[in-house]
Amino acid sequence: MIARLKETYRGMRLGTRLALGLGALALVVFAVVGGALTMYMRDYLSRQLDEQLHVAQVAQSKSIAADGTLEGKKYWGWYYAVYDIKDGAPELRTPEDSVDLPHDLDDFTRLAADQVTSKKEITRTEDLEGAGVYRLRACEAEPGVILVGAAPMEEIEETVDQLVTIQVIAFALALAVLVVFGRGMLRRGLKPLSDMAHTARGITSHDLTDSARLPVRHDRRDGGPEVEELRTAFNRMLEHIDDAFAVRTEAEQRLRQFVADASHELRTPLMSVRGYADLFQYAAAHSPEERDKHLARLRAEAARMGVLLDDLLTLARLDAADVEAPLRWEETDLVELAQQAGDAFRAGHPDHPLTLTAGPARVQLRLDPLRVRQVLDNLLTNAAVHTPTGTKVQLEVCVVSGMAEVRVTDSGPGIPVDDQERVFDRFYRVDKARSRDRGGSGLGLAVAHSLLRAHGGTLTLTSAPGTTTFTVRLPLNGATE
């Protein structure tokens, strides 16, 4: 039975359980208050009755001393017994009226005997056989005479019983009102928790595979500071989940796009390699004079595919920098590095005039010289590949606001505004129809951007018709390894 009650209690809603708990606490408080009030009322009425007995016995003692009688000094329903002390023992005096004494006088006699040896009046409460509960009081009326009076406590008991009945009814009504209204107030105060539970159920039923945004939020601002704190934490948790799903969805989309682009980019050189291999095999058997040409093309395609794989490997290592460090840090002069990149550009692209401008004589940085040189080569090659022959290119090194800057500027046609935000995406090309032999794989700027970010720097673009500038920024104190 107890186990079933416990199970039923556990199955109740929180508001109902709190209301019942509040009711049980109120019941204990009511019981303590009611018990204390009842005891106080009983003691108060008993003291009042004792005072009445004292006043009555004072008058009766005077009457006994003066007239030897209690005539005219009696109260209806009270008992009176007069004892004479002989040889130290009380002896009952013949009552003036038979109704003055109860049928059982043992309690009266014991009280009179105790009064003989006591120096003060004695008061007791006794249940007289056949008469009920009485308050007995003994006193010395005159030397050698003991007066015992008994007043009924029936009215006190009735008064106390009425008080208890009133208390039970009042407390029961107050308890019912407290439970009913308290449950209503608790349900209202806990309504935000119910809304949060509804939100959580909505989240569990929502398909999170198609969208990174959760469908609902809890915006009610009632329930008190504790519920408000929980609401805030709950919404922050949802926002955190939202952000996590958004990042995951974006990463999955980029991964799918990356895999698709990589597969597409690798398929072309592989098909070329296969085709030239077949041609080489055929030429080896039928046209020996064509064999060297096909072999050269086959090597070129293999080299192109190797460059693409190197770029992909570099990006993968940069993405996993917390596992594998792809950089080799050295103290390097950025001006000297830019001069080397400029010399290599002039040798490889004589049809694009290059101007090198260096503000300071030296800019000493802690960086990976091979990787930063790769960045500069990519930017310069990009300027040559995507601009017409004869386009001027400028390479500038300077220090601005605590950052070392390298600017690569060309006077070509510029990059459309819609494409400027995506030029650093992997496999993205501004000219979708550009030949891969001339336009590259679309990884150069992505690799440069990732390499500079690994150095703690940035790569930005500003472009307009007639000018395009890529700006490399590196911290003067070097990146943290």
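Student: Which residue forms a salt bridge with Arg407?
Tutor: That's Glu396, and the closest N and O atoms of the pair are 3.5 Å apart. Arg407 is in strand 10 (residues 403-410) and Glu396 is in strand 9 (residues 393-400), so the pair ties together parts that are 11 residues apart in sequence. A salt bridge here means a side-chain nitrogen of Lys or Arg within 4 Å of a carboxyl oxygen of Asp or Glu. Strands (E, at least two residues) and helices (H or I, at least four) are DSSP runs numbered from the N terminus. Keep in mind that this is a predicted model: local features need pLDDT of at least 70, side-chain atom pairs count only at pLDDT 80 or more, and totals for chains, interfaces and linings use all residues. Residues are numbered from 1 along each chain as its sequence is written, and side-chain values use heavy atoms, with hydrogens and water left out.

Student: Which residues are linked in a network of salt bridges?
Tutor: Glu396 and Arg407 again, together with Glu405 and Arg473. The structure holds 12 salt bridges.

Student: OK, another one. What does Arg346 pair with?
Tutor: Arg346 bridges to Asp343, with closest N and O atoms 3.2 Å apart. Both sit in helix 8 (residues 334-348), and because they are 3 residues apart, about one helical turn separates them.

Student: How many bridges join strand 11 to strand 12?
Tutor: There are 7, and strand 11 runs antiparallel to strand 12 (residues 467-475). Thr462 stands opposite Thr469 of strand 12.

Student: Which residues touch the most other members of the largest nonpolar core?
Tutor: In that 39-residue core, they are Leu334, Leu379, Leu380, Leu459, Phe470 and Val472. Helix 9 (369-385) is among the elements that supply at least two residues each, and with 7 residues helix 9 gives the largest share. Apart from this core lies another, of 17 residues, including Tyr80 and Val160. A nonpolar core is a set of buried Ala, Val, Leu, Ile, Met, Phe, Trp, Tyr and Cys residues joined through side-chain atoms within 4.5 Å.

Student: And what does Leu379 touch?
Tutor: Leaving out residues up to four places away in sequence, Leu379 touches Val408, Leu445, Leu459, Phe470 and Val472.

Student: Last topic: which residues does UniProt list for "transmembrane region"?
Tutor: The unreviewed UniProt entry lists 20-41 and 163-186; positions are in the numbering used here, feature names are shortened, and annotations may be inferred rather than shown by experiment. Residues 20-41 are 100% helix, with end C-alpha atoms 31 Å apart. Residues 163-186 are 100% helix as well, with end C-alpha atoms 32 Å apart.

Conventions. Pairing = 2+ DSSP bridges. Buried < 20%, exposed > 50% of the residue type's maximum accessible area, 1.4 Å probe, protein only. Contact = heavy atoms within 4.5 Å.
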